[in-house]
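Here's a quick briefing on how one model is put together. Have a look at the sequence and structure first.

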Amino acid sequence: MSEIDELNKQIETKRKEMYAVYEKNPNDPNLLKISQSLDKLLNQLDQILKQSSKST
């Protein structure tokens with residue numbers, strides 16, 4: 001599995017986790033931490049995609 005595929009899988013898992021927590025309690029303090037973790041994964045994916053587009 002490529003790095004991009006692995007990141008996409010992690011992103012989807014984190015996104016589902018965030019939605020599940022939000023549906024149970026939109027004011028859950030862990031929601032912010034999950035969202036920040038998702039942001040980091042999305043930023044990693046963005047950097048990889050930018051690097052791969054520069055090299056082609």
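This is a predicted model: local features need pLDDT of at least 70, side-chain atom pairs count only at pLDDT 80 or more; totals for chains, interfaces and linings use all residues.

Residues are numbered from 1 along each chain as its sequence is written, and side-chain values use heavy atoms, with hydrogens and water left out.

**Helix pairing**
- Helix α1 spans residues 3-24 and helix α2 spans residues 30-55; helices here are DSSP runs of H or I, at least four residues, numbered from the N terminus.
- The two pack at an angle of about 160°, with their axes 9 Å apart; axes are lines fitted to C-alpha atoms over the stretch in contact, and angles run from 0 to 180 degrees between N-to-C directions.
- That angle makes α1 roughly antiparallel to α2 (over 145 degrees).
- The α1 and α2 crossing is left-handed, meaning the near helix is turned anticlockwise from the far one by less than a right angle.

**Who touches whom**
- On the α1 side, the contact (heavy atoms within 4.5 Å) includes I4, L7, I11, M18 and Y22.
- From α2, the residues involved include L31, S35, L42, Q44 and L49.
- By type, the contact residues divide into 14 nonpolar, five polar and four charged; Ala, Val, Leu, Ile, Met, Phe, Trp, Tyr, Cys and Pro count as nonpolar, Asp, Glu, Lys and Arg as charged, and the others, Gly among them, as polar.

**The core**
- The largest nonpolar core has ten residues, among them L7, V21, L38 and I48; such a core is a set of buried Ala, Val, Leu, Ile, Met, Phe, Trp, Tyr and Cys residues joined through side-chain atoms within 4.5 Å, buried being under 20% relative accessible area with a 1.4 Å probe, protein chains only.
- α2 supplies the largest share of this core, six residues.
- Leaving out residues up to four places away in sequence, V21 touches D28, L31 and I34.

**Out on the surface**
- K24, in helix α1, is exposed at 75% relative accessible area (the cut-off is over 50%).
- E23 also lies in α1 and is exposed, at 69%.

Conventions. Angles under 35 degrees count as roughly parallel, over 145 as roughly antiparallel, 65 to 115 as roughly perpendicular and the rest as oblique.
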